[in-house]
Amino acid sequence: MTTTPGTDSAYLISRERLIPAPADRIFEILATPALHSVIDGSGTVRGEQPNGPGRLSLGARFGMDMRIGAPYKILNRVVEFEEGRRIAWRHFSAHVWRYTLEPRGDATLVREEWDGRAVPWRVVFRLLGFTRRHPASIEATLRKLEDHVLQGRGGS
């Protein structure tokens, strides 16, 4: 697990992991809302809401059941999408969750970013402790993503 050089700041938190699997297999998991709760390392994503797309695409809207203390629902919109390489979504607060995939031989370098730089009231994230928790949550998500990908090919 590494921090992306030069990108970590209070409002742009990034971690990357080299996963021994092809980018298209990893991307398929990221583009499937039903799997987001399976790979979530924060413990906040509980499941997808009904009637959303089975697979994400640019502009797609999808809802997730969440829990931070109390349960709630959130509606997201895909704001960046490049098949097999990049996917990002955001909800009303304007912070973005982004994944970029870079093939490296038989493996893929997966970078996950939480980007809160465009949020006008972003200082609230710091006051509530979200920015302190995100690095560990992102690392846990990337670890769970790798585990899920490797289980899908019969290994672990």
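Predicted model: local features only at pLDDT ≥ 70, side-chain atom pairs only at ≥ 80, totals over all residues.
User: How many aromatic pairs does a search of the whole structure find?

Analyst: The search turns up three aromatic pairs. One of them joins Phe 27 and Phe 81, whose ring centres are 5.4 Å apart.

User: What makes the pair of Phe 27 and Phe 81 edge-to-face?

Analyst: Look at the angle of the planes, which is 70 degrees. Planes over 60 degrees apart count as edge-to-face, so this pair gets that name.

User: Which parts does the pair tie together?

Analyst: Phe 27 belongs to helix H1 (residues 23-30), while Phe 81 belongs to strand S5 (residues 70-82). The pair therefore ties together parts that are 54 residues apart in sequence.

User: Why is Phe 27 called buried?

Analyst: Its relative accessible area is 1%. Buried means under 20%, so Phe 27 is buried.

User: And why does Phe 81 count as partly exposed?

Analyst: Phe 81 has 23% relative accessibility. Partly exposed lies between the 20% limit for buried and the 50% limit for exposed, so Phe 81 counts as partly exposed.

User: How do you know that Phe 62 and Trp 89 form an aromatic pair?

Analyst: Their rings are 5.6 Å apart, centre to centre, and rings pair if their centres lie within 6.5 Å. With 85 degrees between the planes, the pair is edge-to-face. Phe 62 sits in strand S4 (residues 61-68) and Trp 89 in strand S6 (residues 86-90), so the pair ties together parts that are 27 residues apart in sequence. Both Phe 62 and Trp 89 are buried. Ring pairs also link Phe 62, Trp 89 and Tyr 99 into a cluster.

User: What makes the buried residues of H1 lie on the same side?

Analyst: The buried residues of H1 are Ala 23, Ile 26, Phe 27, Ile 29 and Leu 30. They cover an arc of only 155 degrees around the axis, which puts them on the same side of H1.

User: Is Arg 15 buried or exposed, and how do you know?

Analyst: Arg 15, in strand S2 (residues 12-19), has 8% relative accessibility. The limit for buried is under 20%, so Arg 15 counts as buried. A polar contact of 2.9 Å joins its side chain to that of Glu 139.

User: Why is Ile 68 called partly exposed?

Analyst: Ile 68, found in strand S4, has a relative accessible area of 42%. Exposed would need over 50% and buried under 20%, so Ile 68 is partly exposed. The C-alpha atoms of Ile 68 and Gly 43 are separated by 8.3 Å, with the two residues 25 residues apart along the chain.

Methods. Residues numbered from 1 in each chain as written. Heavy atoms only, no water. Phe/Tyr/Trp six-rings, centres within 6.5 Å; stacked < 30°, edge-to-face > 60°. Helix = DSSP H or I, 4+ residues; strand = E, 2+ residues; numbered from the N terminus. Buried < 20%, exposed > 50% of the residue type's maximum accessible area, 1.4 Å probe, protein only. Polar contact = N/O pair within 3.5 Å; in protein donor to acceptor, adjacent residues only side chain to side chain. Arc of directions from axis to C-beta.
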